[in-house]
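Welcome! Take a look at the sequence and the model first.

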Amino acid sequence: MTDTQPPTPREAFEMLLAGNQRFVAGIPEHPNQDAARRSETAPSQAPFAVLFGCSDSRLAAEIIFDRGLGDLFVVRTAGHVMGPEVLGSIEYGVSVLGCPLVVVLGHDSCGAVAAARAAVSDGAAVRGYVRDVVEKVTPSVLTARAAGRTEDADFIAENVRHTVDLLLERSHTLAHAVEVGSTAVVGLSYCLADGTAHLVTVRGVDVPAPAAV
């Protein structure tokens, strides 16, 4: 992407989904993973998307979206919870690197969400800094429960939506980029068993509305 016109937010989203479809079908192209690409991206980078996802070892972004060197600017934390450093990293991807797409990526069987559910349900104690992660996921669990939602997919989707909302509330840089149409934000939920990434929520790009979860 370094020598071509950057994609629009919609084009970037379509590129990302196309890569996931190849991964799911078992026909990955492994683009931009050779020595030529390594040399091309050494002086600078021009990723087409910021990927903010969970740190789970089964959620390797470049693999599940079939991308390579210089394609994705990846930020990961347990439960995709955020603090100033995360917001700064995402803003860097948008305002400095010019990424037209920001993706929040959650997944089923998320340990952070499970820990927050246990803390809410039975007061399960969590020690150390893991408690900070659980506390940041807890509002999503409470929102889903208040709406009568009880399935794992409900809690995962709510946590993705909550993260997207927080990003746009806390980052004026990102909110402005979405407002003027230079960047879009999408929330996806990844299925560990079959490898599919499903749309949960979208801001700033015209794509088919996600199914209600």
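Helix α5 passes helix α6 in a right-handed crossing. Please keep in mind as you read that this is a predicted model. The points below begin with that pair, follow the chain of helix contacts onward, and end with the cores.

**α5 and α6**
- You will find α5 at residues 111–122 and α6 at residues 130–146, with axes that come within 8 Å and cross at roughly 70°.
- Angles from 65 to 115 degrees count as roughly perpendicular, and α5 and α6 are therefore roughly perpendicular to each other.
- On the α5 side, the contact is made by A112, V113, A115, A116, R117, A119, V120 and S121.
- Facing them from α6 are V133, V134, V137, T138, V141, L142 and R145.
- Sorted by class, the residues of this α5 and α6 contact are 11 nonpolar, 2 polar and 2 charged.

**α6 and α7**
- Helix α7 covers residues 152–170, and its axis comes within 8 Å of the axis of α6, crossing at roughly 120°.
- That angle makes α6 and α7 oblique to each other, and their crossing is right-handed.
- From α6, the contact draws on K136, V137, P139, S140, V141, T143, A144 and R145.
- From α7, the partners are D154, F155, E158, N159 and H162.
- Here the classes are 5 nonpolar, 4 polar and 4 charged residues.

**α7 and α8**
- Next comes helix α8, residues 172–180, which packs against α7 at an angle of about 100°, with the two axes 5 Å apart.
- α7 and α8 are therefore roughly perpendicular to each other.
- L167, L168 and R170 of α7 meet H172, L174, A175 and V178 of α8.
- This contact of α7 with α8 has 5 nonpolar, 1 polar and 1 charged residues.

**Nonpolar cores**
- The largest nonpolar core holds 35 residues, and L16, F65, L101, L105, V186 and L188 have the most contacts inside it.
- α6 supplies the largest share of this core, with 5 residues.
- Which residues is V186 in contact with, leaving aside its neighbours within four places in sequence? They are F13, L101, V102, V103, V104, V164, L199, T201, V202 and V205.
- A second, separate core has 24 residues, including V50, V86, V94 and A177.

Note on methods. Residues are numbered from 1 along each chain as its sequence is written. This is a predicted model: local features need pLDDT of at least 70, side-chain atom pairs count only at pLDDT 80 or more; totals for chains, interfaces and linings use all residues. Side-chain values use heavy atoms; hydrogens and water are left out. Axes are lines fitted to C-alpha atoms, for helices over the stretch in contact, and angles run from 0 to 180 degrees between N-to-C directions. Helices (H or I, at least four residues) and strands (E, at least two) are DSSP runs, numbered from the N terminus. Angles under 35 degrees count as roughly parallel, over 145 as roughly antiparallel, 65 to 115 as roughly perpendicular and the rest as oblique. A crossing is left-handed if the near helix is turned anticlockwise from the far one by less than a right angle, and right-handed if clockwise. Contact means heavy atoms within 4.5 Å. Ala, Val, Leu, Ile, Met, Phe, Trp, Tyr, Cys and Pro count as nonpolar, Asp, Glu, Lys and Arg as charged, and the others, Gly among them, as polar. A nonpolar core is a set of buried Ala, Val, Leu, Ile, Met, Phe, Trp, Tyr and Cys residues joined through side-chain atoms within 4.5 Å. Buried means under 20% relative accessible area, exposed over 50%, partly exposed in between (1.4 Å probe, protein chains only).
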